[in-house]
Amino acid sequence: MSAPGDAGVIHDIGYQHYEGPRLGRRYAALAIYVHSVRAAFGIGRSAKAKLLPLGLLGIACITSLILVVVSTQLGVTVLSYVGVASTFSYAITAFVGIVAPELVSRDLRNTLLPLYFSRPPQRSDYALAKLGALITAAFVMYAGPMLLMFVGLALSTDEGITGVFTEAGNLALGLLAAAIHATVIGAVALPLASLTGRRVFATGMIIGVFLLTAPVSGTLRALGDGATGQLAGLLNPVDLLSGVDNWLFGEEFVQVGSYGPIYGLTAVVLTAAGTALLLRRYKKVKS
């Protein structure tokens, strides 16, 4: 039996209403984007999380330095900046296959999406912020080695400031090609990653789409004559991008003949379809 005076006491533990500025939907989407870019490279996380993304970036940069040394010794550029984008694309797909599930699968598996969608960000904001972050991360993987190449080739040119400007123009074309590659690869990979909360399955689907179609495309390009061989690159996303490079920049890794506009149109349609599927996927996710 409680004694008189033992009634309960309400303690003030300091909870207060938030009275600061409401930064709104746009700021929240930007925060998701920035956090996702950092997560792509393991920034702010353990050394183990940084190992794969930064290791792949380091290998790409070392390869570009080797290209600079060989080009300097031979006196000719062995691989252009656009050629770097075409050549590195298969390695970038491995990077995207690891990073894309990291960006979306964890939220699905831990059922965190209801927390996001109960706040100002809309479902489309979340999906587009994640897609933008993946494209940015892939672009960095292309741009980093290209910038190293530019520094090396610009410093070793025998043509003075004219040679530096020439290299800068070539670098701009390479960065444009890198932006196209990163956009298409991101638009293909992220919808696949968003289908499952298990990262290993998501990685398997992404790698499967990019790698399993490569032998089919390569065989048809090697054996097919005329239109069959020139259109076979459409079957594989990386060959498709090499075909776009041929059409836009004249890099002949994949022969496209007069079908260059078809390669360009296919890349646009693939990007639009991937983005639409991603938005549709998050429209149906339970919250």
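How many aromatic pairs does the count come to? The count comes to 3 aromatic pairs, where rings of Phe, Tyr and Trp (its six-membered ring) pair if their centres lie within 6.5 Å. Welcome to a short tour of this protein chain! The model is predicted, so local features need pLDDT of at least 70 and side-chain atom pairs count only at pLDDT 80 or more, while totals for chains, interfaces and linings use all residues. Residues are numbered from 1 along each chain as its sequence is written, and side-chain values use heavy atoms, with hydrogens and water left out.

**The whole chain**

- The protein chain has 10 helices and 0 strands; helices (H or I, at least four residues) and strands (E, at least two) are DSSP runs, numbered from the N terminus.
- Its radius of gyration is 24 Å, well over the 19 Å that the globule rule gives for 287 residues, so the protein chain is more spread out than a compact globule.
- That radius is taken over C-alpha atoms, and the globule rule is 2.2 Å times the number of residues to the power 0.38.
- The C-alpha trace spans about 95 × 45 × 30 Å along its principal axes.
- Of the 287 residues, 41% count as buried; buried means under 20% relative accessible area, exposed over 50%, and partly exposed in between (1.4 Å probe, protein chains only).
- Among contacts with a separation of 6 or more, 74% come from residues 24 or more positions apart, and contact means heavy atoms within 4.5 Å.
- The protein chain exposes about 15600 Å², with carbon and sulfur atoms supplying 65% of it; such areas come from the Shrake-Rupley method with a 1.4 Å probe, and for residues only the protein chains shown count as cover.

**Regions from the record**

- The unreviewed UniProt entry places the feature "transmembrane region" at residues 51-72, 78-100, 127-151, 171-193, 200-220 and 262-279.
- UniProt positions are given in the numbering used here, feature names are shortened, and annotations may be inferred rather than shown by experiment.
- Over residues 51-72 the chain is 100% helix and 0% strand, and the end C-alpha atoms lie 31 Å apart.
- Residues 127-151 are likewise 100% helix and 0% strand, with 36 Å between the end C-alpha atoms.

- Ala 137 sits in helix H5 and counts as buried at 0% relative accessibility.
- Not counting residues up to four places away in sequence, Ala 137 touches Ala 40, Phe 41 and Phe 95.
- Thr 271 belongs to helix H10 (residues 260-284) and is buried, with a relative accessible area of 17%.
- Beyond its neighbours within four places in sequence, Thr 271 is in contact with Thr 183, Val 184 and Ala 187.

**Two loop residues**

- Asp 158 is found in the loop between helix H5 (123-156) and helix H6 (160-193), and its 78% relative accessibility makes it exposed.
- From C-alpha to C-alpha, Asp 158 and Leu 112 are 57 Å apart in space, and they are 46 residues apart in sequence.
- Thr 111 lies in the loop between helix H3 (81-109) and helix H4 (113-117), and it is exposed at 58% relative accessibility.
- Thr 111 has a positive phi of about 50 degrees although it is not a glycine.

**Back to the rings**

- Ring pairs link Tyr 116, Tyr 126 and Tyr 282 into a cluster.
- A pair of aromatic rings is described by the distance of the centres and the angle of the planes.
- Planes under 30 degrees apart count as stacked, over 60 as edge-to-face and the rest as tilted.
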